[in-house]
Amino acid sequence: MAPINPEQLIRADIRALAAYHVADATGMVKLDAMENPYRLPAELRGELGALLAEAAINRYPDPRAPGLKAALRAAFAIPDGLDILLGNGSDEILQILAMAVARPGATVLSVEPSFVMYRMIAQFAGLDYVGVPLKPDFTLDEAALLAAIARHRPALVFIAYPNNPTGNVFDRAALERVIQAAPGLVVMDEAYHAFAGGLSFLEALDRYDNLILMRTVSKLGLAGLRLGYLVGKPAWLQEFDKLRLPYNVNVLTQVAAEFALRQVAVLEAQAAEIVAERGRLHAALMQQSGVTVFDSQANFLLLRVADAVKVFTGLKARGVLIKNLHGAHPLLDNCLRVTVGAPEENDAFLAALTAELEARGS
């Protein structure tokens with residue numbers, strides 16, 4: 001039998017891709033991944049440990065996860081008339097949505113720059129992808145977006161609200177016009193809703209038949225659990241549930257997330273601390289010569305410097321890891337993204353940035 005190799009079996013477009021890269025943060029001040037820097041208080045960690053010790057890891061988890069869904073409803077005021085679909089992170093939910101609409105010639109549409117997985121998962125599913133550029137100030141180009149919807153008739157439109165990596169919230173009235181114009185589903189991705197001052201499209205789900213809402217608990221301090229969820233009318237979610245792999249949310253995640261969501265006041269207090277630090281960090285960066293910082297309603301800030309690649313490398317050499325976005329999209333020319341950390345982490349970043357910019361200016 002002749003030897004076989006990947007070129008003979010793997011799709012050419014997949015072979016042309018690069019795998020999603022996660023930087024090694026060992027020994028670094030880690031401010032590259034929009035994580036909550038705070039752990040649960042020690043007493044709650046002790047309670048959680050006892051619960052996890054009793055978890056039946058010898059059994060498959062309940063695929064319906066009724067306790068976890070009830071905890072999500074209670075924590076985030078999700079109405080009983082709406083259904084909840086759980087995912088192994090929001091990435092799995094994106095994949096389920098893409099697979100569900102993957103007819104020949106179907107299109108996924110989003111704005112750019114935005115969450116890179118919208119494009120990647122569309123490609124994985126064999127869908128066409130259309131990215132509509134934002135304006136140079138990262139606001140929505142409504143006319144271009146509506147024109148692209150009319151031309152391409154997308155099956156899915158993904159909108160991050162607030163947007164990643166820019167951090168801003170798009171105009172609400174313009175987004176409602178997008179929902180009304182879309183011939184397919186509009187997925188409002190509210191991964192950063194905890195930092196956006198209560199802004200949400202949750203109440204709009206009753207008014208629009210083609211709107212669904214996606215969230216994650218990752219940014220609230222539970223990133224290691226890998227739990228995302230979709231909220232929408234049962235008629236939609238019943239179809240998507242057919243594509244959900246059996247037992248996709250493991251028993252340890254179910255136990256831990258249900259417990260943590262019962263302490264949602266603790267998580268919300270941490271989010272409030274992050275918002276306060278975001279304001280302090282933004283003000284400090286505004287005073288920094290050679291830095292342009294953009295407004296954010298998320299738990300990170302986007303900034304522009306003269307030579308982002310060299311500044312990123314210099315910060316890394318000084319023990320601070322952030323995200324280099326230069327080259328990811330033309331609108332992100334010389335841009336960096338920094339997660340809002342704990343006060344001492346933010347101070348370390350500011351000190352490293354100041355030292356790096358001064359060294360480069362000397």
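How many nonpolar, polar and charged residues are in the lining of the largest pocket? The lining has 28 nonpolar, ten polar and twelve charged residues. Please keep in mind that this is a predicted model. Here are some notes for a first look around.

1. **The largest pocket.** The volume of the largest pocket is about 1,400 Å³. Its lining takes in 50 residues, and those nearest the centre are Tyr20, Met34, Phe115, Val116 and Arg337. Elements that contribute two or more residues to this lining are α5 (89–100), β3, α6, α12 (308–317) and β12 (323–324). Helix α6 gives the most, with five residues.

2. **The second largest pocket.** Here the space comes to about 250 Å³. Arg39, Leu40, Leu48, Gly221 and Leu222 are the closest to the centre among the 14 residues that line the second largest pocket. Two helices, α3 (42–53) and α10 (251–262), each supply at least two residues of the lining. By class, this lining has nine nonpolar, three polar and two charged residues.

3. **The seven-stranded sheet.** If you follow the strands across this open sheet, the order is β2-β8-β7-β6-β5-β3-β4, and the pairing is mixed. At the edges are β2 (83–88) and β4 (128–133), each of which pairs on one side only. From one strand to the next, the twist averages 25 degrees.

4. Strands β3 (residues 107–112) and β5 (residues 156–160) pair in the parallel sense, over three bridges. As a landmark, look for Val108, which stands opposite Leu156 in β5. Strand β5 also pairs in the parallel sense with β6, this time over five bridges. In that pair, Phe158 stands opposite Val187 in β6.

5. Strand β6 is mostly covered, with five of its five residues buried. On one side these are Leu185, Val187 and Asp189, and on the other Val186 and Met188. Helix α6 (residues 116–124) lies across β3, β4, β5 and β6 (185–189), and runs at about 160 degrees to β3.

6. **The four-stranded sheet.** A further open sheet has the order β9-β10-β13-β12, with antiparallel pairing. Its edge strands are β9 (292–293) and β12; each has a single partner strand, so one side of each has no neighbour in the sheet. Strand β9 and strand β10 (residues 300–304) run antiparallel and are joined by two bridges. Val293 stands opposite Leu303 in β10. Helix α11 (residues 264–286) lies across β9, β10 and β13 (335–339), at about 10 degrees to β10.

7. **Two cis peptide bonds.** One of the bonds to look at runs from Glu112 to Pro113: it is cis, with omega near 0 degrees. You will find Pro113 in the loop between β3 and α6. A cis bond also joins Asn164 and Pro165, where omega is about 20 degrees. Pro165 lies in the loop between β5 and α8 (172–181).

8. **Two residues with positive phi.** Phe138 is not a glycine, yet has a positive phi of about 75 degrees. It lies in the loop between β4 and α7 (142–152). Asn334 is not a glycine either, and has a positive phi of about 60 degrees. Asn334 lies in the loop between β12 and β13 and is buried, with a relative accessible area of 15%.

9. Asn248 sits in the loop between α9 (234–241) and α10. Asn248 counts as buried because its relative accessibility is 13%. Leaving out residues up to four places away in sequence, Asn248 touches Leu86, Gly87, Asn88 and Glu92. Glu54, in the loop between α3 and α4 (66–76), is exposed, with a relative accessible area of 67%. The C-alpha atoms of Glu54 and Val255 are separated by 9.7 Å, while the two residues are 201 apart along the chain.

Notes:
Residues numbered from 1 in each chain as written. Predicted model: local features only at pLDDT ≥ 70, side-chain atom pairs only at ≥ 80, totals over all residues. Heavy atoms only, no water. Pairing = 2+ DSSP bridges. Axes fitted to C-alpha atoms, helices over the stretch in contact; angles between N-to-C directions. Contact = heavy atoms within 4.5 Å. 1 Å grid on protein atoms, 1.4 Å probe; cavity = no way out; pocket = protein on both sides within 12 Å on 5 of 7 lines; lining within 4 Å. Points joined across faces, edges and corners; volume = space filled by probe spheres on them. Nonpolar A, V, L, I, M, F, W, Y, C, P; charged D, E, K, R; others polar. Buried < 20%, exposed > 50% of the residue type's maximum accessible area, 1.4 Å probe, protein only.
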